[in-house]
Amino acid sequence: MESTSPAVVMPTARQNPFDPPEELRRRQGLGPIHRMTYADGGQGWLVTSLAAAQAILADPRFSVRPDHMSSPIAQPATAPVPPGFFLRMDPPEHDHYRRLLTGDFTVRRIKLLEPEIEAIVNDQLNAMELAGGPADLFKAFALPIPSQVIGELLGVPYSDRQGFQRNAATLLNVDLTPERRQEAVRELMAYLRDLLRHKRSWPEEDVLSGLAAHEGLAADERAGLALLLLIAGHETTANMLALGTFALLANPAQLAEVRGKEEDAPAVVEELLRYLTIIPHVVRVALEDSELHGCLIRAGDSVTVALSAANRDADHFADPDALDLTRSTAGHLAFGHGLHRCLGQRLARAEMRIALPALLRRFPALRLTVAPEEVPLRSAMTVYGVRELPVTW
């Protein structure tokens, strides 16, 4: 049932870099759904249990469109949704665009890409070894690998990485003005339109060449699809690689469990995904009246689904605040749930499963050069993580 406590403002202050805000966890202990005051002063809902989160995310009566959706945290107005950017679309538009790309992220396609991922990881580790420590692991390892991998898959030249990495980070920074974020969108869209025109004339074996050849899409639709893949394909995995390594280095007992047990890498990856939940929350808006755990959610109400809390639900995960690399993580929501479950989840898993063991194998003495509390965090970003990770070996 709904908590009888006063409406909560979205908690964001973290006492530990790996844990959800304590106030969020306290609310979770009071019930699965709570009244919530949004940043614009409006009233909506906060969902904290795994079962309630799954119910909302799987329910087509809840929309992802930003129209009339309130934000749980104070931030400038969001930029308009680019054509083809189906992350912010409902069916049938969402289904139309997503179907165009599902063939590029099948188990078979990702399996074929694994040797390329291994080569990219090995090259990056060679570069780190040659340069020597200390180093910022985010810049030296975590960011370059997914940038190169998604570039390889899409057909985006890695030599252009600085531009798209800078603009992607700008787009995801909720502290910046909407004008600055929209400028980043325009620059990325212009770059991708030019690249897609080139692919149309000189196609290769990559995703963008396939989009460029699709006669049923307008130029801006192709660019919007490419924009979504480019941003989602490197920002999320880069932050998981960096924050995941940070979590292991800060938990020596768990790190010792990982070393030399590469056969356990898939389970390690799943627990890190659950434990860290780098996309802390998502928002839906009710399209019609519905009931959840005895609460009437009215049409037009915004509902914030706290994924980071749901992934620490004690009714589903034993001792949920512990990093336990041997646990069963079935049902975690790090990639979302339902219709909008992450399209690139297989690619992200493959990158982490290959890169993390390779890093620890190459640098067995890898360690932080600062205290864990001194590692700077990306608290103002849509995707949570570290700004840098100072290490040596």
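In the predicted model, Phe 18, Phe 246 and Tyr 275 are joined into a cluster by ring pairs. The aromatic pairs number three in total. In one of them, the ring centres of Phe 18 and Phe 246 are separated by 4.7 Å and the planes meet at 65°, so the arrangement is edge-to-face, the threshold for this class being over 60 degrees. Phe 18 belongs to the loop between strand 1 (8-9) and helix 1 (22-28), whereas Phe 246 is part of helix 10 (residues 219-249); the pair therefore ties together parts that are 228 residues apart in sequence. Both Phe 18 and Phe 246 are buried.

A further aromatic pair, formed by Phe 363 and Trp 393, is tilted, with 4.5 Å between centres and 35° between planes. Distant parts of the chain are linked by this pair: Phe 363 is located in the loop between helix 14 (345-362) and strand 10 (367-368), and Trp 393 in the segment after strand 11 (390-392), 30 residues apart. Phe 363 has a relative accessible area of 3% and is thus buried, while Trp 393, at 24%, is partly exposed.

Charged side chains are also placed over aromatic rings. Arg 35 lies over the face of Trp 45, 4.3 Å from the ring centre. The charged end of Arg 274 is positioned over the ring of Phe 317, at 5.2 Å from its centre.

Thr 277 is found in the loop between helix 12 (265-276) and strand 6 (281-286). Its relative accessibility is 1%, so Thr 277 counts as buried. Beyond neighbours within four places in sequence, Thr 277 contacts Leu 272, Leu 307, Ser 308 and Asn 311.

Methods: Residues are numbered from 1 along each chain as its sequence is written. This is a predicted model: local features need pLDDT of at least 70, side-chain atom pairs count only at pLDDT 80 or more; totals for chains, interfaces and linings use all residues. Side-chain values use heavy atoms; hydrogens and water are left out. Helices (H or I, at least four residues) and strands (E, at least two) are DSSP runs, numbered from the N terminus. Buried means under 20% relative accessible area, exposed over 50%, partly exposed in between (1.4 Å probe, protein chains only). Contact means heavy atoms within 4.5 Å. Rings of Phe, Tyr and Trp (its six-membered ring) pair if their centres lie within 6.5 Å; planes under 30 degrees apart count as stacked, over 60 as edge-to-face and the rest as tilted. A charge sits over a ring if NZ of Lys or CZ of Arg is within 6 Å of the ring centre and within 35 degrees of the ring normal.
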